[in-house]
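Hi,

Here is the structure for you to look through. My notes follow below it.

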Amino acid sequence: MASQLNTSLLKASLQRLLAVSALPSFQACLTPVTSQELEFLHTNKIITDEAHAAIQESLAPARDKLKVAKFVVTCTFTHEKKGAAELHVEKGQVLEVLDDDIKDWYMGRVRGGDGVIGWAPKNKFRMGE
């Protein structure tokens, strides 16, 4: 039963991803294919590393323009703001990651927070909600 459910979820996510990839980039960004679905497909080896990177790259311009999160992480240890560009994040809060290109830092905003975008250290977070 669990295997059947997993197969159904994989199929549904892949179908949505394929449908979105055929849309112009601005529409694709607004279509409800979640980053979690993309990561689910990648983690379960349904899409290759190359396909995952290509999809992320194709969505990047629209994400940047609309400030759409790439993925979310959950704070495992409270981070006290130490500089003007950093965020204060409490343990258990979810960070919507907008950029993760810097080795040790995420750029994002706290979900349900005041909308301020800032930096937080990657070592204080775990993937997902």
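How many bridges join β1 to strand β2, and do they run parallel or antiparallel? There are 4 bridges, and the two strands run antiparallel. Strand β2 covers residues 94-99. Within this pairing, Phe71 has Val97 as its bridge partner in β2. Please keep in mind that this is a predicted model.

β1 also pairs with strand β5, residues 125-127. Here 3 bridges join the strands, again antiparallel. Val73 stands opposite Met127 in β5.

Next, burial. 5 of the 5 residues of β1 are buried, so the strand is largely enclosed by the rest of the structure. In a regular strand, side chains alternate between the two faces of the sheet. Both faces of β1 are covered. Phe71, Val73 and Cys75 are buried on one side. Val72 and Thr74 are buried on the other.

Now Thr74 in detail. This residue lies in β1, which spans residues 71-75.

What does the side chain of Thr74 have by it? A polar atom of that side chain lies 2.6 Å from the backbone oxygen of Gly128. Gly128 is also among the residues that Thr74 touches, leaving out those up to four places away in sequence.

Best wishes

Conventions
Residues are numbered from 1 along each chain as its sequence is written. This is a predicted model: local features need pLDDT of at least 70, side-chain atom pairs count only at pLDDT 80 or more; totals for chains, interfaces and linings use all residues. Side-chain values use heavy atoms; hydrogens and water are left out. A polar contact is a pair of N or O atoms within 3.5 Å; within protein, one must be able to donate a hydrogen and the other to accept it, and residues adjacent in sequence count only if both atoms are side-chain atoms. Contact means heavy atoms within 4.5 Å. Buried means under 20% relative accessible area, exposed over 50%, partly exposed in between (1.4 Å probe, protein chains only). Two strands pair if DSSP finds at least two bridges between them.
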